[in-house]
Amino acid sequence: MQAKTAVLDLIKQRKAQHGLPGSVYSDVDVYRQDLEQIWHREWIFAGHTFELEKTGQYLTLQIGDYPIVVVRGKDGAVRAFHNACRHRGSKVCSEDKGKVAKLVCPYHKWTFELDGKLLYAGNMGPDFNLAEHDLIPAHCEIVHSYIYVCVAKVAPDFEKFRSAVSPFIGPHYLEDCKVAFEATLVEKGNWKLVFENNRECYHCDGTHPELLSSYTELASVRGGGEEDPALAEYCDTCEAAGLASRQVMDPAGQFRMTRIPLNPGASSYTLDGQPAVVGRRLDRSGVDNIGALLYFNYPSTWNHFLGDHALSFRVLPVGPGETVVTTKWLVPKDAQEGVDYDIERLTKVWMATNDQDRRLVEGAQVGVTSPAYTPGPYSPLIETGVNQFVDWYCELLTRRISESLPIAVG
């Protein structure tokens, strides 16, 4: 209880429109509360259904304290399980991904069906009941190929997110895609710094020359007042073709979808702005240049959808000062490498951007954990996104820790 109270006191030190106290990014008790109150209670992006196209294909991930395996069953269903054998806890699936006929624990060969049912446990005696030792399921939901997992006993409502995001991502037909390339970075920085960096482009002009070949630096900054006429015309064109475009923000601030135009003449994230995938489209709108659809869902993912390809990003914390960021480049399933797209051309912009962001995050981690650090104010013009993320984080963590504390009497 004292640790929770100390974390609350630390969060309350934050001034409005300012950054967080530096120790929020390194304190072990804060990290513990991040896991318990957020990561262990929210829907976490795991991967895509087309990565598990065949029966027995699986992927694994670590959500805080919880190892998870997601697998395609014989009945075609995608399920998530706690990746811990019901015997002595060994990880059943030790690789990042693979394909198996059964889920077999490598330690003592306990064997589970793809739906989690225990089939075999040797040398356990005549009184042993197989049915009492199935793999423990985790909550699993799917929206247009996106697999989300929740390790809480009771998962939060998923339907409000599903209904909000579907009009935006549905017209991109990700169910007909494949992963053309995947890259993973281990960033020596707190997960919150990773997301803060993503939620502003104040740094882009001096850091991301490759990205700014196509991405408009201020396009994602939506302030109050009247809509810009050019932006309104762009949104009207996309929406008339069935592509939801105008920003939708969760009232609680957890997710947002919006479509933005790219630089004039650019239609994809390439150095020349031209499509990376030739002769293939994700959408069927008939609009030549649909710009970029951006969506985030805290705490684990942000995403970009273009006309020719899409990118999904997954964020997973592995310690107070370490975060794993996985990027997947998604292209139409029938697109052929070397014919319709070149891997280097497809990935060059975001491979560079991700590494540049990694260095920024790692530099920030060193700086904010200095005893001399004092949080500065956010720009009201171009850091509204990072302020929104920090507001969401502080409100959620404060509310949930407060709810978990005993009520004072007398």
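Visitor: How many salt bridges does a search of the whole structure find?

Guide: A salt bridge pairs a side-chain nitrogen of Lys or Arg with a carboxyl oxygen of Asp or Glu, within 4 Å. In this predicted model, the search of the whole structure gives 28 salt bridges.

Visitor: Take Asp65 and Arg32. What is the N to O distance in their salt bridge?

Guide: The distance is 2.4 Å, N to O, between the two side chains.

Visitor: Which parts of the chain does that pair tie together?

Guide: Look up the element that holds each partner. Arg32 belongs to helix H2 (residues 28–39), while Asp65 is in the loop between strand E2 (57–63) and strand E3 (66–72), so the contact ties together parts that are 33 residues apart in sequence.

Visitor: Are Asp65 and Arg32 buried, exposed or something in between?

Guide: Relative accessible area under 20% counts as buried and over 50% as exposed, with partly exposed in between. Asp65, at 42%, is partly exposed. Arg32, at 29%, is partly exposed too.

Visitor: Where do the partners of the salt bridge between Glu51 and Lys97 lie?

Guide: Their side chains meet at 3.7 Å, N to O. Glu51 sits in the loop between strand E1 (44–48) and E2, and Lys97 is in strand E5 (residues 97–99), so this pair ties together parts 46 residues apart in sequence.

Visitor: Where do Lys102 and Glu113 lie, and what links them?

Guide: A salt bridge of 2.7 Å, N to O, joins their side chains. Lys102 is in the loop between E5 and strand E6 (103–104), and Glu113 is in the loop between strand E7 (111–112) and strand E8 (118–120). The two are 11 residues apart, and the pair links distant parts of the chain.

Visitor: Is each of these two buried or exposed, or partly exposed?

Guide: Lys102, at 28% relative accessibility, is partly exposed. Glu113, at 13%, is buried.

Visitor: What feature does UniProt place at residues 43–149?

Guide: An unreviewed UniProt entry gives "domain: Rieske" for residues 43–149. In the model, that span is 0% helix and 42% strand, and its end C-alpha atoms lie 5 Å apart.

Key. Residues numbered from 1 in each chain as written. Predicted model: local features only at pLDDT ≥ 70, side-chain atom pairs only at ≥ 80, totals over all residues. Heavy atoms only, no water. Helix = DSSP H or I, 4+ residues; strand = E, 2+ residues; numbered from the N terminus. Buried < 20%, exposed > 50% of the residue type's maximum accessible area, 1.4 Å probe, protein only. UniProt positions renumbered as here; feature names shortened; annotations may be inferred.
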